[in-house]
Amino acid sequence: EAGPAELYVLSATTNSSLRPPNNAFTRRYDMPKWEVTARVPLQTAKLDEVLFGAEPSEAFWGEFLKLDTQGTEYEILQGADRTLRERTVAIVSEVSFTELYVGQRLFSEMELFLRERGFSFYGFTALHHRSRKLLDKRLHAGRERALYADAVFLKDPLAGGPRLLSLNHRQLHVLFCASLLLGYTDFALE
């Protein structure tokens, strides 16, 4: 939503977020790069306001969204209802399988939110894992807990998608290009 917010600057600045880190989780998994080093006040705006506001952006902005905002991706999409409805055909968003930040929405909630808006989950570009490192990996095979990933969501206008969609000529071209860029060649050809 638009308004005042606070940025939590963390010891690894790439982990900084509008949400505080979930200290119980980061301590459990010995994640020292998640310590708060500063708090910075700032103003936020909805994506719809940015793209359709007083100074409208280019008509094609928002067709393909890439989100990696450390735990606020869901809220950004909530503030982009018009963008999702009128422009967006492809999304790559970081999603989490555990609450790395306090109050963070998880992958299952993101998938449902986007499915209700006509997007299909297509896959992950990469999965990131973490363990407590209680066993030496050179001596013991084991799996680590999935923490987060980049998830791909596409508006699928073909039969079998979450709903029948009517995409215009440009949207079909953007969807084709995005599908090729993301490696979903079969879908692009379909």
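Hi everyone, let's start inside: the largest cavity here has a volume of about 50 Å³. A word on terms. On a 1 Å grid over the protein atoms alone, a cavity is a set of points where a 1.4 Å probe fits but cannot get out, while a pocket is an open set with protein on both sides within 12 Å along at least five of seven lines. Lining residues have an atom within 4 Å of a point. Grid points are joined across faces, edges and corners, and a volume is the space filled by probe spheres set on the points.

Please keep in mind that this is a predicted model: local features need pLDDT of at least 70, side-chain atom pairs count only at pLDDT 80 or more, and totals for chains, interfaces and linings use all residues. Residues are numbered from 1 along each chain as its sequence is written, and side-chain values use heavy atoms, with hydrogens and water left out.

Back to the cavity. The structure holds 1 cavity of 30 Å³ or more. Its lining includes Gly-71, Tyr-74, Ser-96, Arg-105 and Met-110. Which elements each supply at least two residues of that lining? They are α3 (73-78), β4 (90-96) and α5 (107-115), and β4 gives the most, with 3 residues. Helices (H or I, at least four residues) and strands (E, at least two) are DSSP runs, numbered from the N terminus.

The largest pocket holds about 410 Å³ of space. It is lined by 16 residues, and the closest to its centre are Glu-1, Leu-18, Thr-44, Glu-75 and Ile-76. By class, we have 8 nonpolar, 5 polar and 3 charged residues. Here Ala, Val, Leu, Ile, Met, Phe, Trp, Tyr, Cys and Pro count as nonpolar, Asp, Glu, Lys and Arg as charged, and the others, Gly among them, as polar.

The second largest pocket has a volume of about 270 Å³. Of its 20 lining residues, Asn-15, Met-31, Trp-34, Leu-100 and Tyr-148 are the closest to the centre. Elements β4, β5 and β6 each give two or more residues to that lining.

Next, please find helix α6, residues 169-181. Which residues of α6 are buried? Gln-171, Val-174, Leu-175, Ala-178 and Ser-179 are, where buried means under 20% relative accessible area, exposed over 50%, and partly exposed in between (1.4 Å probe, protein chains only). Seen down the axis of α6, these buried residues fall within an arc of 130°, so they line one face of the helix; the arc is that of the directions from the helix axis to the C-beta atoms. On the other side of α6, His-169 and Leu-181 are exposed.

Let's zoom in on Ala-178, with a relative accessible area of 1%. Leaving aside neighbours within four places in sequence, Ala-178 is in contact (heavy atoms within 4.5 Å) with Phe-64 and Ala-90.
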